[in-house]
Amino acid sequence: LVKTGPIADGTTIQGSLADFMAGKTGGSIADAVINLAGTVTFTAPACQVTTSNIIVTLPTVTSQAFSGVNSVAGTTPFQIKLTCSSGATLRMTLDTATPVAGKTGVIAPSGGASGVGVQLLDSSGVTPVQFGVVKTIGATPTGQLSINYFARYYQTGSTVGAGLLSATATFTLSYQ
């Protein structure tokens with residue numbers, strides 16, 4: 001079965017799914033009917049985001065916290081919290097409109113700071129996320145689910161200039 005439009009949770013189908021006939025081919029007539037044995041009920045397993053706008057506040061650091069390009073500082077944990085129903089495999093894609101070229105998981109910030117970006121790390125706190133790549137989170141539970149990530153400053157230029165900065169990433173949930 002392939003979904004081709006909106007299907008409400010609890011929708012059922014049964015009986016004949018398709019009935020088609022083709023013309024005469026090679027001396028025989030092709031005829032087929034596809035029947036369902038029983039009823040198919042569509043269930044929409046899903047998760048709802050507990051907090052729609054997750055704000056991660058990184059600590060204040062000085063330029064002396066960095067030792068050169070690719071150095072990092074201020075690693076801060078954060079969670080994406082969901083309320084789910086069981087029955088699906090959850091996948092998540094993280095993305096940003098302003099990735100720093102050649103720096104995995106680094107977002108170019110807006111604001112007054114220079115020579116520094118914000119890098120997102122997976123739950124290990126070590127591995128940078130890859131923007132635009134679907135990651136399998138696992139089976140959805142019934143109830144609360146927290147997905148752990150980390151954010152940190154990442155030196156992108158030869159010098160780090162003081163100032164405030166802001167960086168934005170988005171996540172997309174998908175199910176199988």
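1. β8 (116–121) gives the most to the lining of the largest pocket, three residues; strands here are DSSP E runs of at least two residues, numbered from the N terminus. β4, β10, β11 and β12 also supply at least two residues each. Please keep in mind that this is a predicted model, where local features need pLDDT of at least 70 and side-chain atom pairs pLDDT 80 or more, while totals for chains, interfaces and linings use all residues. Residues are numbered from 1 along each chain as its sequence is written, and side-chain values use heavy atoms, without hydrogens or water.

2. That pocket holds about 900 Å³ (an open set of 1 Å grid points fitting a 1.4 Å probe, with protein on both sides within 12 Å along at least five of seven lines; lining residues have an atom within 4 Å of a point; the volume is that of probe spheres set on the points). Among its 35 lining residues, Val56, Leu58, Val118, Leu165 and Ala167 are closest to the centre.

3. β8 also belongs to an open antiparallel sheet of five strands, ordered β3-β4-β10-β8-β6 (pairing takes at least two DSSP bridges). β3 and β6 are the edges, each pairing on one side only.

4. Do look at Cys47 and its bridge partner in β4, Cys84. A disulfide (sulfur atoms within 2.5 Å) joins Cys47 to Cys84, with S to S at 2.1 Å. Cys47 lies in β3 and Cys84 in β4, so the pair ties together parts 37 residues apart in sequence. Cys47 is buried at 9% relative accessibility (under 20%, with a 1.4 Å probe and protein chains only), and Cys84 is buried at 7%.

Note on methods. Helices (H or I, at least four residues) and strands (E, at least two) are DSSP runs, numbered from the N terminus. Buried means under 20% relative accessible area, exposed over 50%, partly exposed in between (1.4 Å probe, protein chains only).
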